[in-house]
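Hi,

Here is the structure I said I would pass on.

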Amino acid sequence: MLKKYKPFLRASAMDVMAYKFNILVWVIVTLFEVACLVFLWFAVYQSSEGGIDASINGFTYKEMIAYVVLTTIFGFVTFNNDTLWIINNDIRKGTIGNYLIKPISYRGKFVASNIGALLIMTLIFGIPLYSIGLGVLIGIGFLPIVSVWEFIAHIGLFLVAGVLACLINDTIAYIFGILCFYTTSAWGLNSLKTTIIAFLSGTLLPLAFFPPIFRDIVGYMPFAGLSQNPVLILMMKYDYFESAKVILIALAWLVILELFSKLLFCHAIKKVTVQGG
Amino acid sequence: MRYIKLYFTCIKRSILSRLDYKHDAIISILSFLFSNACSLCALYFILQAIPTLKGYSIAEVGFFYGFSMLPIAIDHLFSDEFWLVAYRRVQLGDMDMHFLRPVPVIFQMFAQTFQPDGFGEVIVGIAMIIVCGINLHVTVSFGAIFVLVIGAVFGAIIITSFKIIFSALAFIFKRSGPLLQIIYNFTSYAKYPIAIYPKVIRIILIFVLPFGLFVSLPVDTLLYGTYNPYLLSLCIIGAAIVLFALAVLIWTRCERHYESTGS
């Protein structure tokens, strides 16, 4: 049953390997961006009432730097998603017709590709990047480890949350991809999606900085599970109970979003017109 | 004169072809506004937690942020085609037509696209300047306004010059988009007062990649009268002219390396 999706899994993993140069560029761009954020946060904490060692909205300066570094690595390893562009391309070129007549699910293809990309990214870049990142953060005392066993347990929970984040991200991309049936502005849709996710997932800044009511609402939306929650689990800011809670919320959203995307796809597919063959 | 006429003819055509897809234009402008709104909210939430950022109040930081959008937006309006040159056009070799026409290729690149998305940035930027400016009760002097206008216009020329230089490298390396991206992303450093950065970065932002020169220093001049506005304007104009001349020189040298696909 699942065997027929294996080629997609493999192909996407090989894709990642083929773009090593892009990845190098990403590393350089990101280093400068993270540096800019580190300077900004440093200035923010220096200017705060309690001085550099103050805690703002539950985050100390050190935790904030750790958060910025870890969300960046997490985003890079987990979100390698071309789903929206591929769907747009399939619609524009009419190749979507090829998939509709094949005995595989269009959605399943993307899930397989994403898991493939996640696996290879974790193996090749994730392990070294997390090791270096966590090693340095722990080494300079920005991420205190009280108990090694607790840390290992949190890494386990983090991996679960990470896989869920990857899948939810793909579902959201898929939903936006389906919207390409209705408009030709894939570029606009993509930047809209990227912005919504960056803002509401806590990548721009932790949700703790949001005004209280807004924060609570966003906390129950699917986006927090995309970036903030996995990273806070890894940083051990969440205890076991809270970790389990956010993982369950993410799981529930995954199911809801999958169902929604299925409904939307059924509606959208009626609009498709493929010219010729 | 001929070139000005030619430019407007080309731009008219570019806008007409964009208007064919009205929905798309609306979605891309909306997504643009939304993305700016989110960054502003984020900045606001951060600044709300502290009294001042290195002595700058929320309204002052907002002023910096809004003003930094203007040069970026002006550059965005006129020179979007260079992204395509850097990422795709040279690599695909589809620029033959430009080399056959009796006008400089670099001029055609400017005339090829007019990117109305930039208006979104202009509107948000000006709105922020006005809102923050009113809150700040700044004493507006002619010199300060002068240096801000110079900063916005010639700052855009400086950004465009970097864009030309790094997209011209595509003629040699086939694809220079990622490199251009790295340099261009430094403009995000210009959004905040340079006082928040360590000394080394400050020096880089003034003398090497002068994105601080035309954003941070003019705004400081307006708010605190830190620098002599006319001297500063002269520096900005000088830097812009030197960089633009250098960019045109590099572009004309590099374009000789262009290889057609032959088809």
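Let me start with how chain B connects up along its sequence: taking contacts between residues at least 6 apart, 79% of them join residues at least 24 apart. Bear in mind as you read on that this is a predicted model.

Chain B as a whole

The secondary structure of chain B is quick to describe, with 13 helices and zero strands. Along the principal axes, its C-alpha atoms fill a box of roughly 65 × 40 × 35 Å. As for burial, 43% of the 263 residues of chain B count as buried.

A helix pair to look at

Two packed helices are described by the angle between their axes and the distance between the axes. For α2 (residues 22–48) and α3 (residues 58–78) of chain B, the angle is about 155 degrees and the axes are 10 Å apart. An angle over 145 degrees counts as roughly antiparallel, and α2(B) and α3(B) are therefore roughly antiparallel to each other. The crossing of α2(B) past α3(B) is right-handed. On the α2(B) side the contact is made by Leu43(B), Tyr44(B) and Leu47(B), and on the α3(B) side by Ile58(B), Val61(B) and Tyr65(B). By class, that contact has six nonpolar residues, no polar and no charged.

Is Phe82(B) buried or exposed? Phe82(B) has 30 C-beta neighbours inside 10 Å, which is why it counts as buried. You will find Phe82(B) in helix α4 (residues 81–92) of chain B. Leaving aside residues up to four places away in sequence, Phe82(B) touches Met109(B), Lys163(B), Ile164(B) and Ser167(B). Gln112(B) is 30 residues from Phe82(B) in sequence, and the C-alpha to C-alpha distance between them is 9.8 Å.

Where the chains meet

The contact between the chains takes 30 residues from chain A and 30 residues from chain B. On the side of chain A that touches chain B, α2 (20–46) and α8 (186–200) of chain A each supply at least two residues. α2(A) gives the most to that side, with 11 residues. Sorted by class, the side of chain A that touches chain B has 18 nonpolar, 10 polar and two charged residues.

Cheers

Definitions and conventions:
Residues numbered from 1 in each chain as written. Chains lettered and ligands numbered in written order. Predicted model: local features only at pLDDT ≥ 70, side-chain atom pairs only at ≥ 80, totals over all residues. Contact = placed C-beta atoms within 7 Å. Helix = DSSP H or I, 4+ residues; strand = E, 2+ residues; numbered from the N terminus. Nonpolar A, V, L, I, M, F, W, Y, C, P; charged D, E, K, R; others polar. Buried ≥ 20, exposed ≤ 12 C-beta atoms within 10 Å, placed from the backbone. Axes fitted to C-alpha atoms, helices over the stretch in contact; angles between N-to-C directions. Parallel < 35°, antiparallel > 145°, perpendicular 65-115°, else oblique. Left-handed = near helix turned anticlockwise from the far one by under 90°.
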